[in-house]
Amino acid sequence: VQLQASGGGLVPARGSLRLSCVVSGSIFSINRMGWYRQGPGKERELVAFITRIGVTTYADSVKGRFTISRDNAKNTVYLQMNSLKPEDTGVYYCNFDSLGINYWGKGTQVTVSS
């Protein structure tokens, strides 16, 4: 099983980025999919997650700016990030759980310049 995240990069404050994460390999079913991030000198934190039926949850710091979505047919989760702030800088990791097991991608770097 592999999770391939893409879409990170360098963007000025108030800019936008769209992250994608594709799950490949033999998976029976994917339940919750989500994005986490780890900023410089910080612990990894939840950004957002979405259930198989589309129920979403966001960290307070990103509500109203980020939107998570998924395409179950493509085993892909997206994160649309708007109005980016320098404090959004970090490595963004995608994650999903299947039958109680958590899977993690390698992460994609997002850097927001002030």
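## Burial and overall form

A residue counts as buried when its relative accessible area is under 20%, and in this predicted model buried residues make up 43% of the 114 residues in the protein chain. The protein chain exposes about 6200 Å², of which carbon and sulfur atoms supply 49%.

The secondary structure of the protein chain comes to 0 helices and 11 strands, so that, read along the sequence, the pattern is β-β-β-β-β-β-β-β-β-β-β. The radius of gyration of the protein chain is 13 Å, close to the 13 Å that the globule rule gives for 114 residues, and the chain is therefore as compact as a globular protein of that length. Taken along the principal axes, the box filled by the C-alpha atoms is roughly 45 × 25 × 25 Å. Among the contacts with a separation of 6 or more, 51% are between residues 24 or more positions apart.

An open sheet is formed by 4 strands in the order 1-3-8-7, and their pairing is antiparallel. Strand 1 (2–6) and strand 7 (66–71) stand at the edges, and because each has a single partner strand, one side of each is left without a neighbour in the sheet. From one strand to the next, the twist averages 15°.

Within this sheet, strand 3 (residues 17–24) and strand 8 (residues 76–81) run antiparallel and are joined by 6 bridges; arginine 18, for example, has glutamine 80 in strand 8 as its bridge partner.

In soluble globular proteins, nonpolar side chains tend to be buried together. The largest nonpolar core here has 28 residues, and those that touch the most other members are Trp35, Val47, Phe66, Val77, Leu79, Met81 and Tyr92. At least two residues of this core are supplied by each of several strands, including strand 4 (33–38), strand 5 (45–50), strand 9 (90–98) and strand 11 (108–113), while the largest share, 4 residues, comes from strand 3.

## Two loop residues with positive phi

Most residues other than glycine have a negative phi. Asparagine 75, although not a glycine, has a positive phi of about 50°, and asparagine 75 lies in the loop between strand 7 and strand 8. With a relative accessibility of 26%, asparagine 75 counts as partly exposed.

Leucine 99 is likewise not a glycine and has a positive phi of about 55°; its place is in the loop between strand 9 and strand 10 (101–104). Leucine 99 is exposed, with a relative accessible area of 64%.

Terms used: Residues are numbered from 1 along each chain as its sequence is written. This is a predicted model: local features need pLDDT of at least 70, side-chain atom pairs count only at pLDDT 80 or more; totals for chains, interfaces and linings use all residues. Side-chain values use heavy atoms; hydrogens and water are left out. Two strands pair if DSSP finds at least two bridges between them. Axes are lines fitted to C-alpha atoms, for helices over the stretch in contact, and angles run from 0 to 180 degrees between N-to-C directions. A nonpolar core is a set of buried Ala, Val, Leu, Ile, Met, Phe, Trp, Tyr and Cys residues joined through side-chain atoms within 4.5 Å. Buried means under 20% relative accessible area, exposed over 50%, partly exposed in between (1.4 Å probe, protein chains only). The radius of gyration is taken over C-alpha atoms; the globule rule is 2.2 Å times the number of residues to the power 0.38. Contact means heavy atoms within 4.5 Å. Accessible areas come from the Shrake-Rupley method with a 1.4 Å probe; for residues, only the protein chains shown count as cover.
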